[in-house]
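Student: I have not seen this structure before. Could you take me through it, one question at a time?

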Amino acid sequence: MALKEPVFPPRLLDCYRKLEKIELPAAVVALDGAAVASWDGKSPLLESAPPLIDPDRFIAVAQQVFDLLAAHLPEMEKDLQCLGKKLPAGTAARAGLVHALISRDARAVTFMQDYGEIAPDVFGFAFSHVLRIFLGAYARRLQAEVDFARWGRGSCPVCGSKPIFSRLDRTGRRFLYCGLCGTEWRFVRAACPFCGNTAPEKLGFYLFEKGVYRVYVCNGCRGYLKTLDERAADHAVPNLFWEDIKTVPLDMTVLRLGFVNKSFAI
Ligand SMILES: [Zn+2]
Ligand SMILES: [Zn+2]
């Protein structure tokens, strides 16, 4: 059975809090030191220096994540339990699944058992939560090794995803935030991170909550990006993952205006 409608993120708040507590021992996600050191800054690190992930541990965490999601989404419980039973058992198939998921290879599902019975959207939804955990650990390890200052693009320097949120710091500099791996990176203010448009007449923003939040919009590609302005906010430096969830009503507002959510697209 496929998902009938998208899962509204605030419904999963409690689930996300539990997912956040899943800790990965350092050895589970290792860096290829030589590949990281020779990063040329031209493509995301995930392509040139992918993480070395223990496939058995990955499967164990996947099962844990599916169980948590099933406990919070009764309408998906059966699908998620079924997916858990189809996780590959052999080490080679497990390694193949991990590699394909990390590479965003559409053939990832073929490493599952009886994969013909799996609905692609259930597969994608469930594994996106597992990937967030592993890519988040990978990104945190990279932050100590790599300087992203020279990157300057509209997509994530670690995993290549488009940003899901951004912030203006206290000096007005703009940082984009990746919802998949949690990386933040510097980006110019007067440009669209989705299509690269820099024409001022096609760029704009809407202010919300007395300017604490703004939503940048682009009339070139109809993309939008929610942003927290730290200069106007009275709360401490935020965790942008939670800010994104907290501000879902802003998505609803700009979607109604005809803008399109382009986050996660590569
Ligand atoms: Zn990323
Ligand atoms: Zn654009």
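**Zinc sites and a helix**

Tutor: We start with one residue: C178 is buried, at a relative accessible area of 0%. Buried means under 20% relative accessible area, exposed over 50% and partly exposed in between, with a 1.4 Å probe and protein chains only. This is a predicted model, where local features need pLDDT of at least 70, side-chain atom pairs count only at pLDDT 80 or more, and totals for chains, interfaces and linings use all residues. Residues are numbered from 1 along each chain as its sequence is written, chains are lettered from A and ligands numbered from 1 in the order in which they are written, and side-chain values use heavy atoms, leaving out hydrogens and water.

Student: What is the arrangement of the four donor atoms around the zinc ion (ligand 2)?

Tutor: The protein donors are the SG atoms of C192, C195, C218 and C221. Four donors count as tetrahedral if all angles lie between 85 and 135 degrees; four count as square planar and six as octahedral if opposite donors are over 155 degrees apart and all others between 65 and 115; anything else is irregular. Around the zinc ion (ligand 2) the angles are 105 to 113°, so the arrangement is tetrahedral.

Student: Is C221 buried or exposed?

Tutor: C221 sits in the loop between β7 (213-218) and β8 (224-229). Its relative accessible area is 16%, so C221 is buried.

Student: How many Å apart are the end C-alpha atoms of helix α6?

Tutor: The expected span of a helix is 1.5 Å times one less than its number of residues. Helix α6 (residues 91-102) has 12 residues, so it should span 16 Å. The model agrees, with the end C-alpha atoms apart by 16 Å.

Student: Are α4 and α6 roughly parallel or roughly perpendicular to each other?

Tutor: Axes are lines fitted to C-alpha atoms, for helices over the stretch in contact, and angles run from 0 to 180 degrees between N-to-C directions. Angles under 35 degrees count as roughly parallel, over 145 as roughly antiparallel, 65 to 115 as roughly perpendicular and the rest as oblique. The axes of α4 and α6 come within 9 Å and cross at roughly 75°. The two helices are therefore roughly perpendicular.

Student: Is R104 buried or partly exposed?

Tutor: R104 is found in the loop between α6 and α7. Its phi is positive, about 55°, although R104 is not a glycine. With a relative accessible area of 33%, R104 is partly exposed.

Key:
Helices (H or I, at least four residues) and strands (E, at least two) are DSSP runs, numbered from the N terminus. Donors are N, O and S atoms within 2.8 Å of the metal (3.2 Å for Na, K and Ca); water is not among the atoms, so sites may look incomplete.
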